[in-house]
Amino acid sequence: GIDCGHSLNSSDCGASGIKEESNLTREVGNKVIELFTNKGHQVVNCTVDYCDSLNDSLYRRYDKANMNHCDYFISIHFNAFNGSAHGTEILYNSETDEKMERILSNFTSLGFTNRGLKQRTGLAVLKNTNMRAMLIECCFCDSAEDMNIYNVDSFSKAIVEGFLGETLSVGQTINVTPNESMAIPMSSKSVFPTQLSPIQKA
């Protein structure tokens, strides 16, 4: 399952910075979905654009992944702090794996500071999913250093290549409308991403 973190309304809005987190998560997440689909994987989109509350937003994300028996859940987020903090990190609930390590390594190769793999046992989308899950904090949306490096194509490619452990051909990079709504049914080759930012980690 793929989850583009945070909603588009105030009940679960993302961090504000040089760019808005809620827009960035959808920009990256939709491209990630397309790249996985182009490789023959069926993806469950667990994104929630509008919600009644933070709890409603979080529940609908992990519940959709669980109801569809996803093999893996990925929540995509961007950090924000004080304008000076920068870098990339991946949050997990109980165990790390090579997929997380490869994705983080790919981000680092793009020029981002490696902030490491961090265990977070209290995050709803990590502790309530029935499958292996990771929350990717791609970089800091309030950092000029990070936003100068950020590129949606290289980010989405880094995630998919790291997850699959293979290199995508140039022809497999596609254009996706940032707020395009996608609901793709799952199969035995399914992957599932999620959401989250340092300002509201639930």
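These legends accompany close-up views of a predicted model.

**View 1. Strands 4 and 5 pair side by side in parallel.** Here strand 4 (residues 88-92) and strand 5 (residues 114-119) are joined by 4 bridges. To find your bearings, look for Ile 90, whose bridge partner in strand 5 is Leu 117.

**View 2. Helix 3 has its buried residues on one face.** Met 100, Ile 103, Leu 104 and Phe 107 are the buried residues of this helix. Seen down the axis of helix 3, they fall within an arc of 95 degrees, so they line one face. Their packing partners are strand 3, strand 4, strand 5, strand 6 and helix 6.

**View 3. The largest nonpolar core holds 35 residues.** Val 28, Phe 78, Met 134, Ile 136 and Phe 155 touch the most other members. At least two core residues come from each of helix 1 (21-38), strand 3 (72-79), strand 4, helix 3, strand 6 (132-140) and helix 6 (152-164). Elsewhere, a second, separate core of 15 residues includes Tyr 62, Ala 65, Cys 70 and Leu 126.

**View 4. A closer look at the surroundings of Ile 136.** Beyond its neighbours within four places in sequence, Ile 136 is in contact with several residues, among them Ile 74, Ile 76, Glu 89, Ile 90, Ile 103, Phe 107 and Ile 159.

Key
Residues numbered from 1 in each chain as written. Predicted model: local features only at pLDDT ≥ 70, side-chain atom pairs only at ≥ 80, totals over all residues. Heavy atoms only, no water. Pairing = 2+ DSSP bridges. Core = buried A, V, L, I, M, F, W, Y, C linked by side-chain atoms within 4.5 Å. Buried < 20%, exposed > 50% of the residue type's maximum accessible area, 1.4 Å probe, protein only. Contact = heavy atoms within 4.5 Å. Arc of directions from axis to C-beta.
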